[in-house]
2 protein chains.
Amino acid sequence: MKEELKKMLLGFPMLTEEEMQLILDSSDVRAYKKGSMLLREGEVAKNCYSVLKGMVREYVVVDGEEKTTNFYTEGQPVNAFTSATSQTSSKVNWVCSERCVLAVGTESLEEEMCRLIPKLEGIIRKEVERYTGETQDELAFFMTSTPEQRYLRLIEKRPDLYHRAPQHQIASYLGITPESLSRIRKRIFSKKAVN
Amino acid sequence: MKEELKKMLLGFPMLTEEEMQLILDSSDVRAYKKGSMLLREGEVAKNCYSVLKGMVREYVVVDGEEKTTNFYTEGQPVNAFTSATSQTSSKVNWVCSERCVLAVGTESLEEEMCRLIPKLEGIIRKEVERYTGETQDELAFFMTSTPEQRYLRLIEKRPDLYHRAPQHQIASYLGITPESLSRIRKRIFSKKAVN
């Protein structure tokens, strides 16, 4: 299972062969069944994850209804910073919505790795900054876009989601009802048919 | 003007007197007139800021209309991670919507400071993680809340904004029209009057 982690590490050319092997040896890679809960609302997030294979869905329960707030797929980190860093109850749930292979991270593992490979500190920092930028961009986009614009961006940037997640979860992720999603799709399809 | 920075640094008790003085001496604190543009859409973000006094508004122009995506006030960092770290065009604008006193940060200043005070590296990292958590929470909340819930949260968490920003900017920040904001306020007011 560590093959997937190795593939991901190849994306960091600043790591030597030895360093990569050290990470592979120390890392904790696990397989999860579809439906496994990684974090429940109210718990403190002890682990973070990196998706090597599969998909993790993040959701919040509002008035008894699941609202999807994220889909994490191959290459993405799954991290609840507020809960993990300030040891507070998580507001979100994480469920494996496919069979998953995940690298499991803990604070102590990260510290140990950074002690063994000091340059990891800088690499992790850059990754956190990149992730923070993406989250900022997502927020600004969500605040200023129409549901149709969100749909168009989703099929452009993450076309795989469309085949991996059921429609009602996609709709919820876009902040609309399944009926609205269906109307948007029809409208776009008929525009394309005209052009 | 560095008095405000000193006050902020007192929030980090792990810094010694000498380290605090070193930061104060090396820091770049500037005053800005109301209306000063700190970043324009399309530019690469070279600086980040820390608001010591005043308010910076972040907005995106959509179909000729300014949509407010953030208000940064005292104690908050103003940072466009994607633009700054990957040297790409910023999607947002930053304007001083009040007279401001800001600590101006650049990558080289940060590197120099971390060289002088190595523990700063860890402090900055924790701050970035805290900020990332807040941005994640904001995004999940915005995706799953009604405009009324967003309004209630705003007056609970950031009551000062209500007096510092014009209504149309507040409305835009909540993702609604000024008319909807006015209706929400009336509804809440009449509920309170009944109870």
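Two residues are taken to be in contact if their C-beta atoms, placed from the backbone, lie within 7 Å. The structure is a predicted model, in which local features need pLDDT of at least 70 and side-chain atom pairs count only at pLDDT 80 or more, whereas totals for chains, interfaces and linings use all residues. Residues are numbered from 1 along each chain as its sequence is written, and chains are lettered from A in the order in which they are written.

The contact between the two chains takes 28 residues from chain A and 28 residues from chain B. On the side of chain B that touches chain A, two or more residues each come from strand 4 (56-62), strand 5 (65-72), helix 3 (81-86) and helix 5 (119-144) of chain B, helices (H or I, at least four residues) and strands (E, at least two) being DSSP runs numbered from the N terminus. Helix 5 of chain B gives the most to this side, with 18 residues. Of the interface residues of chain B, 100% are also interface residues in chain A, so the copies meet through the same surface.

Within chain A, A:E74 lies in the loop between strand 5 (65-72) and strand 6 (77-78). A:E74 is partly exposed, with 16 other C-beta atoms within 10 Å, a class that falls between buried (20 or more such atoms) and exposed (12 or fewer). Leaving aside residues up to four places away in sequence, A:E74 touches A:V51, A:L52 and A:K53. From C-alpha to C-alpha, A:E74 and A:S27 are 17 Å apart in space, and they are 47 residues apart in sequence.
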